Amino acid sequence: MSLVELKNVSKSYGALKVLDGVSLNVVRGEVIAVIGRSGSGKSTMLRCINGLEPIQGGEISVDGQRVNAAGVDLRLLRQKVGIVFQSFNLFPHLSVSDNITLAPRIVKRESSEKARAVALDVLGRVGLADKIDAFPHQLSGGQQQRVAIARSLAMQPQVMLFDEVTSALDPELTGEVLKVLETMAQEGMTMILVTHEIGFARRFGSRVVFMHQGKIWEEGPAAETLGRPMTPELDTFLSAVLH
């Protein structure tokens, strides 16, 4: 059964149609790399899966639960669907520990001791256990992004959404974050990544989804789709990104 399912999803901002009949099935353990130009609907699709944006047509479900159903408990849904943005969105006045334990304590009502143990565990997974009592301003951009990933992992989501998580980082810090994503892919985490890191998509993507003008223009196994584009649009896009 699909963990994430989009059926003929449409989304508009006023007269501007951002998603135009998008259908996608993601099974557990898949790593879906979503590529395409700015404005093609990639980030909007992620925000709709997480329930951050309402849709005007179609259906989205996560683990059998309709995201756009009337009266859906979005807090419960977001425990299953972690999302990490390109801006780290850490609370600057809170320590790393407090940034990570806030949601487990409030949403899951975990004790401070248990939440801190979870924080140590997830920080260990992103290579930052020694930074548990640091504050965001004491960390590099790459470290802040890894804390943002750890914060999402602390809720034990079933699927993780990543929206251009390396685009604000320089190449060295990008490598740090990609390493964490590689490990998560190898551990079997289901991921949907909007990315311009074509090399990462080729190595770790189960599938590549190319979006263009609010539609899924091409999709298929990563190496095949990136190696032999079927449409001039994907060919042009890859030439622009790779040169």
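**View A. Helix α6 (residues 171-186) lies across strands β3, β7 (159-163) and β8 (190-194), and runs at about 145° to β8.** The model is predicted, so that local features need pLDDT of at least 70 and side-chain atom pairs count only at pLDDT 80 or more, whereas totals for chains, interfaces and linings use all residues. Residues are numbered from 1 along each chain as its sequence is written, and side-chain values use heavy atoms, with hydrogens and water left out. Helices (H or I, at least four residues) and strands (E, at least two) are DSSP runs, numbered from the N terminus. Axes are lines fitted to C-alpha atoms, for helices over the stretch in contact, and angles run from 0 to 180 degrees between N-to-C directions.

**View B. The open sheet of 6 strands has the order β6-β7-β8-β3-β9-β10, and its pairing is mixed.** Its edge strands, each of which pairs on one side only, are β6 (81-84) and β10 (215-221). On average, and with direction ignored, neighbouring strands of this sheet are turned by 15° against each other. Two strands are taken to pair if DSSP finds at least two bridges between them. Strand β3 (residues 31-35) and strand β9 (residues 207-212) are joined by 4 bridges in the parallel sense, with isoleucine 35 standing opposite phenylalanine 210 in β9.

**View C. At β6, an edge strand of this sheet, both faces are covered.** Val81 and Ile83 lie on one side of β6, Gly82 and Val84 lie on the other, and all of these residues are buried, a term that means under 20% relative accessible area, with exposed over 50% and partly exposed in between (1.4 Å probe, protein chains only). In a regular strand the side chains alternate between the two faces of the sheet. The pairing of β6 with β7 is in the parallel sense and extends over 4 bridges, and within this pair glycine 82 stands opposite methionine 160 in β7.

**View D. Helix α1 (residues 42-49) is mostly covered, since 6 of its 8 residues are buried.** The buried residues of α1 are Lys42, Thr44, Met45, Leu46, Cys48 and Ile49. Leucine 46, found in helix α1, is buried with a relative accessible area of 0%. If residues up to four places away in sequence are not counted, leucine 46 touches Ile83, Leu161, Phe162, Asp163, Ile192 and Val194, where contact means heavy atoms within 4.5 Å. The C-alpha atoms of leucine 46 and leucine 193 are separated by 8.7 Å, although these residues are 147 residues apart along the chain. After α1 comes glycine 51, whose phi is positive, near 80°.

**View E. The axes of helix α3 (residues 96-106) and helix α5 (residues 141-153) come within 8 Å and cross at roughly 30°.** At this angle α3 is roughly parallel to α5, because angles under 35 degrees count as roughly parallel, over 145 as roughly antiparallel, 65 to 115 as roughly perpendicular and the rest as oblique. The crossing of α3 and α5 is right-handed, meaning that the near helix is turned clockwise from the far one by less than a right angle. Val96, Asn99 and Ile100 in α3 meet Val147, Ala150 and Arg151 in α5. By class, this contact of α3 with α5 has 4 nonpolar, 1 polar and 1 charged residues; Ala, Val, Leu, Ile, Met, Phe, Trp, Tyr, Cys and Pro count as nonpolar, Asp, Glu, Lys and Arg as charged, and the others, Gly among them, as polar.

**View F. The axes of α5 and α6 come within 8 Å and cross at roughly 25°.** This angle makes α5 roughly parallel to α6, and the crossing of α5 and α6 is right-handed. On the α5 side, the residues that meet α6 are Gly141, Gly142, Gln143, Gln145, Arg146, Ile149 and Leu153, and on the α6 side their partners are Leu173, Glu176, Val177, Val180, Leu181 and Met184. The contact of α5 with α6 has, by class, 7 nonpolar, 4 polar and 2 charged residues.

**View G. A further open sheet, of 4 strands, has the order β2-β1-β4-β5 with antiparallel pairing.** Here the edge strands are β2 (16-27) and β5 (65-66), each pairing on one side only. Strand β4 (residues 57-62) pairs with β5 in the antiparallel sense over 2 bridges, and serine 61 stands opposite arginine 66 in β5.

**View H. Threonine 231 lies in the loop between α8 (222-227) and α9 (232-242).** Threonine 231 is buried, with a relative accessible area of 18%. Not counting residues up to four places away in sequence, threonine 231 touches Trp217 and Glu218.
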